[in-house]
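Subject: Structure handover

Hi,

Here is the structure I promised. Please load it first, then read the notes below.

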Amino acid sequence: MDTKTQLTEVPLYIKVNGIDNVAIVVNTGGLDQGTVFPCGLELKERVPQGHKVALMDIVENEAIIRYGEVIGYAAKSISKGCWIDESLVILPSSPDLKELPVANDIPKTLPPLEGYTFQGFRNEDGSVGTKNILGITTSVQCVVGVLDFVVNRIKKELLPKYPNVDDVFAINHNYGCGVAINAPEAVIPIRTIQNLAKHPNFGGEALVVGLGCEKLSPIRINPSGDDSDIISLQDQQGFAGMVQSIMEMAEERLIKLNRRQRETFPVSELVIGTQCGGSDAFSGVTANPAVGYATDLLVRAGATVLFSEVTEVRDAIHLLTPRAVNEEVGRALIKEMDWYDNYLALGDADRSANPSPGNKKGGLANVVEKSLGSIAKSGGSPISGVLAPGEKATEKGLIFAATPASDFVCGTLQLASGMHLQVFSTGRGTPYNLAMAPVIKVSTRNTLTEQWKDLIDINAGTIATGEATIEEVGWEIFHLILEVASGKKKTWAEHWGLHNDLALFNPAPIT
């Protein structure tokens, strides 16, 4: 019998903090009524995998504690050994933004991590790319049908002639016209498109396709500021003329991109995004802490690391503002939380809308529990900066990049911030990927890795069963980041050619 089989046959639970009065069941398939743990705890009823069991009697309205924090209050009295499903957890109030501690517990800077490098492409503006892609930006949705047709032809007819170019990608979106282009919040989608067009993986070779009558003028999103990099379809002679013009301009840029070669760069040139999706109760004890450990390693090596998802940070913000490097950064964090509170209020949104049905099936009772697990991706480094949605990262260290929690919107905004690669933890599973930057999938559970062997890149489920430590999996993530960034290894999603569409965040009115 191997070690893994032995471990899964022993009843296991995970209690995160010494003051917790609940724990989650580790065993695949859950555990039946009457199961006795090595500590003597006996289950009074069946508890599914990842779901909470009461470690002591909890009376009605008493705090339910996980991660050393109150995740809710008991809707009724719960006996020791009973399953605490979501219906038994009353959602607590979110932290008051006016009473948060700021920059009062700044983590000590860890020793520098030196000697680690990756292979990338130097751009003329001094930035570094990890891929060599021809990016074609659109100024309005109207041109997308034509551009998609042309991109398919470029990939079939031109790209094989230029083996040093990784891909051709169209920055398609649903913005550009029929929008309140001068509304205050229009700055978010516009700067997002502007920064996507300047992504370091595009090598500085600008090409913008517009229609000719749209509100978002192509010159506003053209990285070079040169009209010669813009094609207006209304100026072309029919469909054939449109196709020919785009292909000719594309080939001019492919020739330049093909001359580029990878060089050695320090890890400090990397911008790495972190995100979680399809989360479960294991996310905060396996994958996310391992990602957090890798985050700290990257920060020590001088890199920029982004963590995001406002609604999945908001209920744990009181644990983040003390880590801000100064008052200014702490106040910027609070400002982003407040902005999003107001944004949600306009839609009469209820906090109970998060988590999703899949999250709940995986053992997460509410958004508070989800948030406490989510912030583990940020590791333990000082928070050195805050970005509003779609802003480009210009500082090193751990950065909070404000985004919605939607996988696709968060990914798009992190790309606009300059992300080279994203580390994505998942408990329920998702094939999500981005064409502009690879996504490393980290599984929270052994069973998901076994089920999706050809989609999951790293298994953090071994942490739950004691087969690996957080540190060991964190180092595994760190090393894989460097291999993928260097083009030496592909993620599974890259291998299969999977990617999701970009999704802009537009809180401004549509006219």
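Start with helix H3 (residues 187-197), which is mostly covered: nine of its 11 residues are buried. Buried means under 20% relative accessible area, exposed means over 50%, and partly exposed is in between (1.4 Å probe, protein chains only). Helices (H or I, at least four residues) and strands (E, at least two) are DSSP runs, numbered from the N terminus.

This is a predicted model: local features need pLDDT of at least 70, side-chain atom pairs count only at pLDDT 80 or more, and totals for chains, interfaces and linings use all residues. Residues are numbered from 1 along each chain as its sequence is written, and side-chain values use heavy atoms, with hydrogens and water left out.

Back to H3. Its buried residues are Ile188, Pro189, Ile190, Arg191, Thr192, Ile193, Asn195, Leu196 and Ala197. Their cover includes E10, E11, helix H4 (218-221), helix H7 (327-346) and helix H10 (407-416). Contact here means heavy atoms within 4.5 Å.

**The sheet**

Four strands form an open sheet in the order E11-E10-E12-E13, with parallel pairing. Two strands pair if DSSP finds at least two bridges between them. Strand E11 (167-171) and strand E13 (230-232) are the edges, and each pairs on one side only. From one strand to the next, the twist averages 20°. Helix H5 (residues 238-258) packs on this sheet and touches E10, E11, E12 and E13. The direction of H5 makes about 145° with that of E10. Axes are lines fitted to C-alpha atoms, for helices over the stretch in contact, and angles run from 0 to 180 degrees between N-to-C directions.

Strand E10 (residues 133-138) and strand E12 (residues 208-210) run parallel and are joined by two bridges. Threonine 137 lies in E10. Its bridge partner in E12 is valine 208. Is threonine 137 buried or exposed? It counts as buried because its relative accessibility is 3%. Leaving out residues up to four places away in sequence, threonine 137 touches Ile171, Ile193, Ala197, Leu207, Val208, Val209 and Ile221. Ile193 and Ala197 are among the buried residues of H3.

The axes of helix H2 (residues 144-158) and H5 come within 10 Å and cross at roughly 50°. H2 is therefore oblique to H5. Angles under 35 degrees count as roughly parallel, over 145 as roughly antiparallel, 65 to 115 as roughly perpendicular, and the rest as oblique. The crossing of H2 and H5 is right-handed. A crossing is right-handed if the near helix is turned clockwise from the far one by less than a right angle, and left-handed if anticlockwise. H2 contributes residues including Val146, Phe149 and Ile154, and H5 residues including Phe239, Met242 and Leu254. By class, this contact has 13 nonpolar, no polar and three charged residues. Ala, Val, Leu, Ile, Met, Phe, Trp, Tyr, Cys and Pro count as nonpolar, Asp, Glu, Lys and Arg as charged, and the others, Gly among them, as polar.

Helix H6 (residues 287-300) and helix H13 (residues 470-485) have axes that come within 7 Å and cross at roughly 60°. That makes H6 oblique to H13. This crossing is right-handed too. Among the residues that meet are Tyr293 and Leu297 in H6, and Trp475 and Phe478 in H13. The contact of H6 with H13 has 13 nonpolar, one polar and one charged residues.

Strand E4 (residues 63-66) and strand E5 (residues 69-74) run antiparallel, joined by four bridges. Ala63 and Ile65 point one way from E4, Ile64 and Arg66 the other way, and all are buried. Alanine 63 stands opposite tyrosine 73 in E5. The hairpin has two residues between its strands, and tyrosine 67 takes a positive phi near 60°.

**Backbone points to check**

Most residues other than glycine have a negative phi, and most peptide bonds are trans.

- Asparagine 61 has a phi near 70°. It sits in the loop between strand E3 (52-54) and E4, and counts as exposed at 51% relative accessibility.
- Glutamate 309 also has a phi near 70°. It sits in the loop between strand E16 (304-307) and H7, and counts as buried at 0%.
- The peptide bond from asparagine 354 to proline 355 is cis, with omega near 15°. Proline 355 is in the loop between H7 and helix H8 (357-361).

Best wishes
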